[in-house]
Amino acid sequence: MTESVFIHTQDQLRELARDVLAFARQIGGTDCAVEISEGSGLSVSVRKGQIETIEQNKDKGMGVTVYSGQKRGNASTSDFSTAALRATVEAAYNIARFTAEDDCAGLADADMLEMAPRDLRLCYPWQVTTEQAVALAQRAEAAAFGVDKRITNSEGASVHAQQSHFVAANSRGFIGGYPFSRHTLSVAPIAGKGAKMQRDDWYTSVRDARNMADPEHVGRYAAERALARLNARKLDTRTCPVLFEAPLATGLLGAFVQAVSGGSLYRKSSFLLDSLGTAAFAPHIQILEDPHVVGGVGAAPFDEEGVRTVRRNVVQDGVVQGYFLSSYSARKLGMQTTGNAGGAHGLTLSSSATKRSDDFAGMLRKMGRGLLVTELMGQGTNYVTGDYSRGASGFWVENGEIQYPVEEITIAGNMKDMFQQIVAVGNDVLTRGSKVTGSILIEKMVVGGS
């Protein structure tokens, strides 16, 4: 049923992949890995009720890596003809012949490959027409304008529908692939006028459009967020607790992933070097990687190398139990791949201390007096030292209640200290990409103001 939305079937992509592997063997390649993909989608945007953009895409491509011993070359093409595939393989092989040897280069070991991938049901094609997509975006934006007359403008609303499929294969016997989808509705209203204008946004992103949030709900919530930021004040410099709203808290989880990923570790450009088996977080923190959630946004039965993915505790009771490694980075470190070529799959950060009362309002009460951060600006994380400094805006909280919005501030600390000083994690759980967490309360950070 899902294959009907594509030009090629999974079986046809598999046949093309086998042809590429055969071409590589014929010209003398000692090993080969190939990925062939195809996708289609629709993207529309409106602003103040009028259509701004309509884009339709139909993409296909083949990427191949050919090895000559421990020398490798890469090439790609969007032409699936036999002549083009053969020429692309030859190009990759010729690059490999004149490339320096790398002791850690090579395919994943055969015993690590997923030879029987499970079906995680990751594709839900959305046969939305252009007119229907425009109408959804218009409904979301109109709902935002309808909340309050102080919503004076809009950066627009958009709808994206995308479905793709791929097949990956290599010369050690692995072949696998599957279709997948991702559909998104977003809106960004502007409140106020002149120098006092404030903007905010909200979106819903799902695999199955039937699970998408109601466009009116998305629009109203985005407008309420923008309105709440009007009449923002500045703060003087202070040290205080900081509560990261759930959408931003996923960024802290992402910072941890980067710090314990193979590339950062073998290049020694991480503040969490040699952290395996050490307490990097407060003792109540747990991080679970579960790649096998049926329909999950971060789900994957195998990684980009065909290595089987595994459900595992990455952090247990604050202690780092595992890194995120590809075959290459694992060899660099004298370790074994964790099935994370291409990144993490379905990560959830939680706390064993979280209670039913720890919803968003409960987290504000738990903080008592401090800063709620709802927006971050800039790229202020030094992954070598862990030093963290970001422009921010949000709300000042007293006695567990929001008092007023704040802007033009910075928050600063060190990621090592921040992870250790996580006081609580809320049950206001949100999924952003492949990461899931509630709001995160840090015991203290420096807030720089006027």
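Reader: How many salt bridges does a search of the whole structure find?
Author: The search finds 19 salt bridges. Keep in mind that this is a predicted model.

Reader: OK, take Glu15. What does Glu15 form a salt bridge with?
Author: Its partner is Arg18, and the closest N and O atoms are 3.9 Å apart.

Reader: And how are Glu15 and Arg18 placed in helix H1?
Author: They are 3 residues apart in H1, which covers residues 10-26, so about one helical turn separates them.

Reader: Next one. Which residue forms a salt bridge with Arg150?
Author: Asp148 does, with the closest N and O atoms 3.0 Å apart. Arg150 is partly exposed at 43%, and Asp148 is partly exposed at 23%.

Reader: Where do Glu398 and Arg369 lie?
Author: Glu398 lies in strand S14 (residues 387-398), and Arg369 is in the loop between H8 and strand S13 (370-377). The pair therefore ties together parts that are 29 residues apart in sequence. Glu398 is partly exposed at 24% relative accessibility, and Arg369 is partly exposed with a relative accessible area of 46%.

Reader: Which residues are linked in a network of salt bridges?
Author: Asp200, Arg225, Arg229, Glu245 and Glu375 are linked that way.

Reader: Switching to rings. How many aromatic pairs are there in the whole structure?
Author: The search finds 12 aromatic pairs. Among them, Tyr178 and Phe180 form an edge-to-face pair, 6.5 Å centre to centre with 70 degrees between the planes.

Reader: Tyr178, buried or exposed?
Author: Tyr178 is buried, with a relative accessible area of 17%. Phe180 counts as partly exposed, at 31% relative accessibility.

Reader: Why is the pair of Tyr266 and Tyr328 edge-to-face?
Author: Their planes are at 70 degrees, so the pair is edge-to-face, and the ring centres are 6.0 Å apart. The cut-off behind that label is planes over 60 degrees apart.

Reader: Which helices are Tyr266 and Tyr328 in?
Author: Tyr266 is in helix H6 (residues 262-266) and Tyr328 is in helix H7 (residues 327-333). They are 62 residues apart, and the pair links distant parts of the chain. Tyr266 is partly exposed at 24% relative accessibility, whereas Tyr328 is buried at 17%.

Reader: Back to Tyr178. Which residues form one aromatic cluster with Tyr178?
Author: Phe166, Phe174, Phe180 and Phe302 form one cluster with Tyr178.

Reader: What sits over the ring of Tyr404?
Author: The charged end of Arg233 does, 3.8 Å from the ring centre. Arg312 lies over the face of Phe324, at 5.0 Å from the ring centre.

Reader: Last topic, Asp358. Where is Asp358 found?
Author: Asp358 is in the loop between strand S12 (347-351) and helix H8 (360-367).

Reader: Is Asp358 buried or exposed?
Author: Asp358 counts as buried, at 3% relative accessibility.

Reader: So what is Asp358 in contact with?
Author: Leaving aside neighbours within four places in sequence, Asp358 is in contact with Ala353, Met363, Lys366, Gly426, Asn427 and Asp428.

Methods:
Residues numbered from 1 in each chain as written. Predicted model: local features only at pLDDT ≥ 70, side-chain atom pairs only at ≥ 80, totals over all residues. Heavy atoms only, no water. Helix = DSSP H or I, 4+ residues; strand = E, 2+ residues; numbered from the N terminus. Buried < 20%, exposed > 50% of the residue type's maximum accessible area, 1.4 Å probe, protein only. Contact = heavy atoms within 4.5 Å. Salt bridge = Lys/Arg side-chain N within 4 Å of Asp/Glu carboxyl O. Phe/Tyr/Trp six-rings, centres within 6.5 Å; stacked < 30°, edge-to-face > 60°. Lys NZ or Arg CZ within 6 Å of the ring centre and 35° of its normal.
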